[in-house]
Amino acid sequence: MIDKRYANKRGGAKTWSAGSRKWLASWAIGCLLQYSAGMADAAVATPVAGVGQPAASLQVVHWWTSAGERKSVDVLAGRLAEENIQWRDLAIPGGAGLGASKVLKSMVLAGKAPEATQLNGIVFGEWADLGLLLELDDVATPGGWQKLLFPTVWSLVHNRGHVVAAPLGIHRINNLFYNKKIFDRLGLAAPRTWPEFERVAEKLKQAGVTPLAQSSEAWQVATLFETLVLAESGPVYYRSLFVDLNPAAFGDPRMTHALKRLRSLKQWMPQPLRERPWPEATRQLADGDAAMFVMGDWAKGELLAWGLNTDQDFSCAAVPGTADYHLYSVDTLAMFAGDYSHQPAQEKLAQLIMSQPVQSAYNQVKGAIPVWRAPDLSKMDSCARASWSAFSKGSAFQAPSLVHRMAADETAKDAIVAEVHHYFVDDKMSESDIQRKLASIARSVSKTGKQEQ
Ligand code: BGC
C-alpha cells in the first residue's frame with residue numbers, strides 16, 4: 001500500500017490512477033530484485049556538515065563520491081550548515097548514478113524516501129506525476145527562477161506547471177581534454193576535425209604516449225559514443241535517435257559512420273582496455289599515461305581537485321566536429337514530499353542552490369557551469385566559458401545526453417547503452433547487426449515505433 005505521506009503538496013493525498021499503479025507495481029518488482037545488491041553498495045551515511053545540534057537535517061542521496069564531487073558536496077553542505085541545517089550524506093558509489101538510482105527506488109518503496117536526492121533527467125515527470133516530489137513553487141516564483149534559468153533548464157525542472165527540482169549545474173559531455181604539457185612538448189594543437197585527430201594520435205603513438213584514455217565500462221563507452229553521434233550529424237539527427245527513438249533513424253548511414261568511428265578509436269586506447277571507474281581513466285590523463293580523454297566535465301572538477309590547473313596542466317577542446325554544440329546533462333536535487341515537517345529546510349536548500357554565490361562556488365569545483373543565463377563569467381576558466389558560449393546559443397545547438405538521462409527514460413537508455421557496449425567489445429558484431437537491434441529497441445519503447453507496428 002502506498003504511504004499517504006507521499007502526497008502531492010497542492011492536491012493533498014494523491015489519487016493513484018490505474019496507470020500509476022501499474023507503473024509502480026512493475027517498478028516495485030524490479031526494485032525488490034535489485035534491493036539487496038543495491039543496498040550492499042551503499043556508502044555508510046556520514047554527516048558531513050553541522051557541529052553541535054542543528055535545528056534541522058536533510059538526508060541527501062547522490063552519487064558524488066570522487067575527490068572533485070566530494071568538494072562540490074562540501075560547498076552545498078557547508079552553506080546549509082551556515083543556515084543551521086545538517087546535510088546527512090548518503091552517497092552511493094557508481095559513476096553516472098547506476099547504483100544510486102536503484103538504491104533510491106528501494107528506499108522510496110520501503111517508505112524511507114530521503115528528504116532530497118540527485119534525480120537527473122526526464123524521470124522527474126514520472127516521479128512528480130506520482131505525487132512523490134515536493135513542489136518548489138514557493139521558492140521558485142518569488143526567486144524569479146523562470147527568468148534566471150536557461151529555458152532548457154527551466155523546462156526540465158518544470159512539470160505540469162510546477163517546479164519539482166532545484167538545478168545545480170550544467171555539464172558538457174562533448175569535451176576532449178588533453179594533457180597540455182605533452183601537447184606543448186610535442187608541438188601539437190588540439191584536433192578540430194577527425195583527420196587532425198588521426199594525425200595527432202599518430203604522433204603521440206610514435207612518441208610512446210597512449211593517445212586516448214578510456215575505460216571499457218558500458219556507460220563510459222556509451223558516453224564517448226553519443227559524442228560521436230553528435231559529431232557525425234548535429235543535434236537534429238541526434239534527437240531523432242535518442243529523444244524521438246525513431247526506429248528508421250537507427251538504420252541511417254550516419255549511425256553506421258558513428259559506430260565505425262567508435263570501433264576505430266580503439267586503436268588509440270590503452271591495451272588491454274580495462275573496465276575502470278572514470279576517475280581512474282581521468283588519472284591516466286593527469287599522469288601523462290594518455291594524452292587525450294573524452295568525458296563530461298566532471299573530469300575537470302577531478303583534475304582541479306588533484307591540484308592541476310586549466311591551460312597549464314590540461315586544456316579542453318570540443319570533440320572534433322562538435323565545437324558548435326553542447327551535449328548536456330543537468331544535475332538537479334529533487335525533494336521528496338514526505339510529511340512536510342522538512343519542508344522549510346528543503347525549501348532553504350532549494351533557495352541556496354539557486355543563489356548566485358552557491359552557483360558560482362559549486363560549479364567551479366564541480367567542473368560544470370551555472371544554470372543561470374547570465375552567470376558571473378569572471379569566475380569561469382576557459383573550459384567553462386566555452387561550455388557557456390555553446391549552451392547559450394540555444395536549443396538548436398543543444399543535445400540532451402542519453403547516457404546521463406536527459407533524452408530518454410531509464411529503460412530505453414539502459415537497453416541502448418548495453419547494445420553499444422556489446423558492439424564495442426565484440427569486434428565480430430557488424431554495424432548492420434547492432435543497427436537492427438537498436439531499431440528494434442526503439443520500436444518497442446518509442447511512440448513512433450509503436451505507431452509503426
Ligand atoms: C552526473 C555528474 C557526475 C557524473 C559521474 C553524471 O551523470 O551528472 O554529476 O559527476 O555522472 O558520476
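Start at the ligand: the shell of residues around it divides into four nonpolar, six polar and two charged. Here Ala, Val, Leu, Ile, Met, Phe, Trp, Tyr, Cys and Pro count as nonpolar, Asp, Glu, Lys and Arg as charged, and the others, Gly among them, as polar. Select the shell; among its members are Trp63, Glu69, His171, Ser329 and Asp331.

Two notes before moving on. Numbering starts from 1 along each chain as its sequence is written. This is a predicted model, where local features need pLDDT of at least 70, side-chain atom pairs count only at pLDDT 80 or more, and totals for chains, interfaces and linings use all residues.

Next, select strand E12, residues 326–335. Strands (E, at least two residues) are DSSP runs, as are helices (H or I, at least four), and both are numbered from the N terminus.

Strand E7 (residues 166–172) runs antiparallel to E12 over six bridges, and Arg172 stands opposite Tyr328. Strand E13 (residues 398–400) is parallel to E12, with three bridges; there Pro400 faces Tyr328.

Finally, colour by pLDDT, the predictor's confidence in each residue from 0 to 100. The protein chain averages 89, but residues 1–50 stay under 50.

Key:
A residue is near a molecule or strand if its C-beta atom, placed from the backbone, lies within 6 Å of it. Two residues are in contact if their C-beta atoms, placed from the backbone, lie within 7 Å. A residue is buried if 20 or more other C-beta atoms lie within 10 Å of its own, exposed if 12 or fewer, and partly exposed in between; C-beta atoms are placed from the backbone. Two strands pair if DSSP finds at least two bridges between them.
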